[in-house]
Amino acid sequence: MFDVEVENLTKCFGDFCAVDHLAFNVEHGEIFGLLGPNGAGKSTLIRMLTTLVPPTSGTARIFGFDIVRDANNVRQSIGVIPQAMTSDLDLSAEENMSIFAKLYSIPRDKRRRTIRELLKAVDLDQWADKPVKMFSGGMRRRLEIARGLVHEPKIFFLDEPTTGLDPVSRVAVWEMLAKLKTERDLTILVTTHYMDEADKLCDRVAIVDHGKLVALDSPLKLKASIPGKNILEVSFSEVPPGWEEALKRLPEVADVKSDEHVFRISSNNGPRTTIELMESARAAGIAVTSLSVQSTTLDDVFVHYTGHQLRDTLQAAAGYDSTFMYERKQS
Amino acid sequence: MNRIWAIIERDLRRFRRSPTLIIVSMVLPLVQLVVLGYAFGGKIKNLKVGVVDQDHGVPAIKLKEMFQAVAANARTFDTVPYSDQTTALRDLRTGRINGILNIPPNFSRDVLAGASPRIALVEDNTDQFSASALEGSLDQLLIPYNSKPIQPRLTADATLSIVEIYPYVPYIQYLLPGTIVMAIFISAMIGGGIIYIDDKARGLHEGYLVTPIRKLELIMGFNLSGAIKAVLAGMVLVTCGSIIAGIPDPLNILRLARMAILVMAAALALISMMFLLMVRVNDPLVPRAIFGVLNTVLFFPSGAVYPIQGFPPWMKVLTAVDPFTYAVHGFKELVLKNTGLMAISFDIAYLLGFAVLTMAAATLLFRRSL
């Protein structure tokens, strides 16, 4: 039996389906990442799995408990860290945890012991009696992680746990999650739109786009699944007709995608392709205006499977938001 | 019970650490009591009344003397002599004076002839309170003026003796019951309306909803924590307000205990009503937007500032269902008359019944999902 079993899970709001017939399983003890841009349906999916939003169709089971019929057993089995930071700023770290422990009816002695252990595990034991309003974003997130574990769940859902954190705090959260997973025998399901986070933290990654599952495997296998070991991003002073075809004919090139003047070349041998590329450009009288060579990342995997870059989607989402705010101000 | 207590504990800890909230819910109603109590409660004095004597006869002079005697003693009005009515009318219209006592040219002749002599009070009726005070003073003045110099030993005229069974009640004391209920309502509005919706918008409720807490436990927790804060606000008003308003023996333990029971019933009724109104609301602007209207719709028809008997029939319907009505009535009995609980048993029963009904409806309507 899997810890999480998702079968054709769908959530539609009117004509729009935020989650569209998703199906996957999560094994015990793994860190399972849901990777996708804003609006891909990750949060809706996690809200369905944590009983916060009823599905339109399909089913899911957490430890064998149906998310609709056995919702209370599901709630008892899971720890949840929502996207928004929901700790009470006026309360201390210990008080925040104590209140949640009471919501799970944990007896007093066990409550005190568990809270002490968890605050130590997230390096907040020195700050136990300090009001949360004194905490940095990273500390608050660590407190919320501790709070989510106060009833000793076996599966832990985290919705974009590092969004809004600085790089140092992000790394600290990753390390903490990896440590807690080992120490507490946890299964973790985490959503993120950070490629590097999914790459470093997750045992398996499901790429979600427009509510659909696009690819699912370990980061290593996902990267190996796309053509080429290296990605060359190159732009030229001019692009003559048939230039893209000429690039495809270069040695070791597996694939070429163009975005106006920027070409993304997948290569099985980056250094060799780079030398050949420079020579071809010189022979054609074209100047190379920028060039970068890097190993294949999950970003490339995302581009390969969805046809667009994750950062483009994020920028589009941000642009939409700001336009919306501007329009509201005008009205 | 542990889960209900967790919600209450969280709310009360936050309340304790928010001085602004404490001031808003406890001190502001006291300020309102003092300002409203003294703004409406005082006797109207020093109105300016122009006197136009077009007669100059002895009866007219006697009338003017009596008028000036009242002006000198009761000081409800001061007299301003005018030689002609046109100037007096102009000053009345420009607001320099509040009324004109006009003694017509044939007044003395009519008095001596016993031919129904008439004087006129020309008043600025845009100010009903001042106009009524002037009318009352002049009516009182004409009684001794009209009385016969030699009274018969026996008379068939009926007279009215007024016996007041309670000590004089100044307006600030009359207003105190309404202000206590207002303090409870403000607390319910903040706790059950504004904070509840703000917490929901900030995602705090999401934290509750992923735990195994039941719907009824959530509603009970929210309601009881709101009610406890409202009881605290109400008891501050009961004690401090009674002292400020000059209620006799304000700290009598028995009286305070009776008041505490009514405060609890009123707090439960108002917070439950607030939850029912807010149970499906998500926009934080909504409770702020309806606060003023709700206050007016509930407070004024309750008889807190004006007797219910003066309301039109449609408003009496509102009065009959308004929980403020029963809370205000109960506090009037306890504050102004110092009665026992039996006298307000119906008020308490109504408030508790109202609380149970609204809480049940809120529980049915509450969605245990986002």
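1. Take the contacts in chain A between residues at least 6 apart in sequence: 69% of them join residues at least 24 apart. The structure is a predicted model. Chain A has 331 residues, and buried residues make up 42% of them. The C-alpha trace of chain A spans about 80 × 50 × 45 Å along its principal axes. Its secondary structure comes to twelve helices and 14 strands.

2. Confidence. The model scores ipTM 0.76 and pTM 0.76. Chain B has a mean pLDDT of 88, with 97% of its residues at 70 or more. Among the elements of chain B, helix α2 (residues 19-41) has the lowest mean pLDDT, 81. Helix α14 (residues 345-365) of chain B has the highest, 95.

3. The six-stranded sheet of chain A. This sheet is open, and its pairing is mixed. Its strands follow the order β6-β7-β8-β3-β9-β10. Strands β6 and β10 (212-217) of chain A stand at the edges. Each has a single partner strand, so one side of each is left without a neighbour in the sheet. On average, neighbouring strands of this sheet are turned by 15° against each other, direction ignored.

4. Which residues cover the two faces of strand β6 (residues 78-81) of chain A? I78(A) and V80(A) lie on one side, G79(A) and I81(A) on the other, and all are buried. The partner of β6(A) is strand β7 (residues 155-159) of chain A. The two pair in the parallel sense over four bridges. Within that pairing, I78(A) stands opposite I155(A).

5. Strand β3 (residues 31-35) of chain A pairs with strand β9 (residues 204-209) of chain A. The sense is parallel, and there are four bridges. F32(A) has R204(A) in β9(A) as its bridge partner. Helix α1 (residues 42-49) of chain A lies across β3, β7, β8 (187-192) and β9 of chain A. Its direction is at about 150° to β7(A).

6. The β1-β2 hairpin of chain A. Strands β1 (residues 4-13) and β2 (residues 16-26) of chain A run antiparallel and are joined by seven bridges. K11(A) has V19(A) in β2(A) as its bridge partner. Two residues lie between the strands of this hairpin. G14(A) takes a positive phi near 70° there.

7. The sheet of chain B. Four strands form an open sheet in the order β2-β1-β3-β4, with mixed pairing. The edges are held by β2 (77-82) and β4 (120-123) of chain B. Each of these has a single partner strand, so one side of each is left without a neighbour in the sheet. Neighbouring strands are turned by 25° against each other on average, direction ignored.

8. Pairing and cover in the chain B sheet. Strand β1 (residues 47-53) of chain B runs parallel to strand β3 (residues 99-103) of chain B, and five bridges join them. One bridge pair is D53(B) with I103(B) in β3(B). Helix α3 (residues 58-73) of chain B lies across β1, β2 and β3 of chain B. It runs at about 145° to β2(B).

9. A helix pair in chain B. How do helix α10 (residues 253-278) and helix α13 (residues 323-336) of chain B cross, and at what angle? Their axes come within 10 Å and cross at roughly 170°. That makes α10(B) roughly antiparallel to α13(B). From α10(B) the contact uses R255(B), R258(B), M259(B), L262(B), A266(B), A269(B), L270(B) and M273(B). From α13(B) it uses P323(B), A327(B), G330(B), F331(B) and L334(B). By class, the contact has ten nonpolar, one polar and two charged residues.

10. N252(B). This residue is found in the loop between α9 (215-245) and α10 of chain B. Is N252(B) buried or partly exposed? It has 14 C-beta neighbours inside 10 Å and so counts as partly exposed. T239(B) is 13 residues away along the chain, and the C-alpha atoms of N252(B) and T239(B) are separated by 9.8 Å.

11. Where the chains meet. 22 residues of chain A are in contact with 23 residues of chain B. On the chain A side, the elements giving two or more residues are α2 (71-77) and α3 (93-103) of chain A. Helix α3(A) gives the most, with four residues. By class, this side of chain A has ten nonpolar, six polar and six charged residues.

Key:
Residues numbered from 1 in each chain as written. Chains lettered and ligands numbered in written order. Predicted model: local features only at pLDDT ≥ 70, side-chain atom pairs only at ≥ 80, totals over all residues. Pairing = 2+ DSSP bridges. Axes fitted to C-alpha atoms, helices over the stretch in contact; angles between N-to-C directions. Contact = placed C-beta atoms within 7 Å. Parallel < 35°, antiparallel > 145°, perpendicular 65-115°, else oblique. Nonpolar A, V, L, I, M, F, W, Y, C, P; charged D, E, K, R; others polar. Buried ≥ 20, exposed ≤ 12 C-beta atoms within 10 Å, placed from the backbone. pLDDT = per-residue confidence, 0-100.
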